[in-house]
Amino acid sequence: MVTKRRGVMRKGVLLAGALSVIAGCTATASTADDEVAIRQAVTDMTATMKSGDQAAIAALFTSNGVIIPPNEAAVAGRAAIQAWGEKTFAGAKIVEGNITLEGLRVSGNWASSYGLWAMKVAVGKDTISDTTRWSMDWERQPDGKWLVSRDIWNSGKPVAPAR
């Protein structure tokens, strides 16, 4: 009886090991595909942000997505993100922008990325340039699409001295 249990146990361990290898291969392929999809989403985000279409920008976020702008309170939800963008960019237009993805890690239905966003914004006759550092968390949706869950960024400009 003990010998029979050991045989079943060995087969169970071998089966579990084989399934782990198969799952590992599948996860690796899936992770590579996910990384490609997120990299493309980051690239597409540049064009969307340059368009100035705040509804389209808000649509890049999950329904309960959050942005955390520099020196401001967090803004939660697509409608609030859209309203924030409309208020913040009223009378302004991004004339140049380039998002650089420096790091990306995917784990299941979640991913984390960080990088640089170099931009020039026209405000009236003035142009403001900045290179910000950003970090975004992504969430895979039931349809497989990746949307931003959290976005935080910091200006590359020094903080103005207190007066």
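Strand E3 (residues 92-107) and strand E4 (residues 110-123) run antiparallel and are joined by 14 bridges. The model is predicted, and the secondary structure of its chain amounts to three helices and six strands, arranged along the sequence in the pattern α-α-β-β-α-β-β-β-β.

**Strand pairing and turns**
- Within the E3 and E4 pair, leucine 104 has serine 113 of E4 as its bridge partner, and the hairpin that these strands form leaves two residues between them, with glycine 108 in the turn at a positive phi of about 65 degrees.
- Strand E4 is also joined to strand E5 (residues 126-140) by 14 bridges, and these two run antiparallel, with tryptophan 110 bridged to glutamate 139 in E5.
- The hairpin of E4 and E5 has two residues between its strands, and glycine 124 in the turn has a positive phi of about 65 degrees.

- Aspartate 34 lies in helix H1 (residues 2-51), and because its relative accessibility is 8%, under the cut-off of 20%, aspartate 34 counts as buried.
- The side chain of aspartate 34 makes a polar contact of 2.7 Å with the side chain of arginine 140.
- Leaving aside residues up to four places away in sequence, aspartate 34 touches Val106, Gly108, Arg140 and Trp146.

**Chain totals**
- Of the 163 residues in the chain, 29% are buried, while the accessible surface comes to about 10,500 Å², with 59% of that area belonging to carbon and sulfur atoms.
- Among contacts between residues at least 6 apart in sequence, 50% join residues at least 24 apart.

Key: Residues numbered from 1 in each chain as written. Predicted model: local features only at pLDDT ≥ 70, side-chain atom pairs only at ≥ 80, totals over all residues. Heavy atoms only, no water. Helix = DSSP H or I, 4+ residues; strand = E, 2+ residues; numbered from the N terminus. Buried < 20%, exposed > 50% of the residue type's maximum accessible area, 1.4 Å probe, protein only. Contact = heavy atoms within 4.5 Å. Areas by Shrake-Rupley, 256 points an atom, 1.4 Å probe, with all protein chains shown as cover. Polar contact = N/O pair within 3.5 Å; in protein donor to acceptor, adjacent residues only side chain to side chain. Pairing = 2+ DSSP bridges.
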